[in-house]
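Good morning, colleagues. Please look at the structure on the screen while I describe part of its surface and its pockets.

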Amino acid sequence: MDTQEKSSGAQRRAPRIASIMVNAVDPSRLAAFWSDLLEMPIAAEHEGFIWLRSTEPGLPQLAFQQVAAPTEGRRRLHLDLHDADAAALRVKAESLGATFVEGHDIADFHWDVMRDPEGNEFCIAQE
């Protein structure tokens with residue numbers, strides 16, 4: 001059976017990179033800079049998070065999340081992965097060496113923060 005098919009035979013869409021998240025002490029200032037530079041309007045804002053509108057449907061959004069202090073070193077960005085079965089994707093990530101860090105919720109939207117085998121953070125959420 002093709003890895004893109006479930007046992008029922010239905011086509012399964014591969015996980016996608018939904019957002020490239022930038023840690024920012026002042027997300028409004030940074031979002032305004034990138035919005036103007038890339039000519040991508042702000043698509044959404046919610047409690048310390050700002051997303052820019054993708055230039056084309058299906059492409060990752062550039063997004064900014066508020067942090068208390070500047071991120072040290074090179075870990076200022078992380079990927080947000082969306083999948084039709086986020087729980088199964090988390091299990092797969094863990095089987096490949098990822099570790100769970102913590103879960104978060106904004107209204108009815110939930111995501112899990114994970115670390116890859118080298119400690120780089122990424123998030124998994126339901127499509």
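I17 lies in strand 1 of this model, which is predicted. Is I17 buried, partly exposed or exposed? Its relative accessible area is 36%; a residue counts as buried under 20% and as exposed over 50%, so I17 is partly exposed.

I17 also belongs to a nonpolar patch on the surface, together with I20, L77 and L79. The accessible area of these four residues together is about 310 Å². Two elements, strand 1 (16-24) and strand 5 (77-83), each contribute at least two residues to the patch.

The largest pocket has a volume of about 410 Å³. Its lining consists of 20 residues, and those closest to its centre are N23, Q65, H78, V113 and E121. Strand 5, strand 6 (99-106), strand 7 (109-115) and strand 8 (121-126) each give two or more residues to this lining.

Among the elements that give two or more residues to its lining are strand 1, strand 3 (49-52) and strand 4 (61-66). By class, the lining of the second largest pocket comprises nine nonpolar residues, five polar residues and one charged residue.

Thank you for your attention.

Technical notes
Residues are numbered from 1 along each chain as its sequence is written. This is a predicted model: local features need pLDDT of at least 70, side-chain atom pairs count only at pLDDT 80 or more; totals for chains, interfaces and linings use all residues. Side-chain values use heavy atoms; hydrogens and water are left out. Patches are made of residues with over 30% relative accessible area and no salt bridge: like charges are joined within 9 Å, nonpolar side chains (Val, Leu, Ile, Met, Phe, Trp, Tyr) within 5 Å. Accessible areas come from the Shrake-Rupley method with a 1.4 Å probe; for residues, only the protein chains shown count as cover. A salt bridge is a side-chain nitrogen of Lys or Arg within 4 Å of a carboxyl oxygen of Asp or Glu. Helices (H or I, at least four residues) and strands (E, at least two) are DSSP runs, numbered from the N terminus. Buried means under 20% relative accessible area, exposed over 50%, partly exposed in between (1.4 Å probe, protein chains only). On a 1 Å grid over the protein atoms alone, a cavity is a set of points where a 1.4 Å probe fits but cannot get out, and a pocket is an open set with protein on both sides within 12 Å along at least five of seven lines; lining residues have an atom within 4 Å of a point. Grid points are joined across faces, edges and corners, and a volume is the space filled by probe spheres set on the points. Ala, Val, Leu, Ile, Met, Phe, Trp, Tyr, Cys and Pro count as nonpolar, Asp, Glu, Lys and Arg as charged, and the others, Gly among them, as polar.
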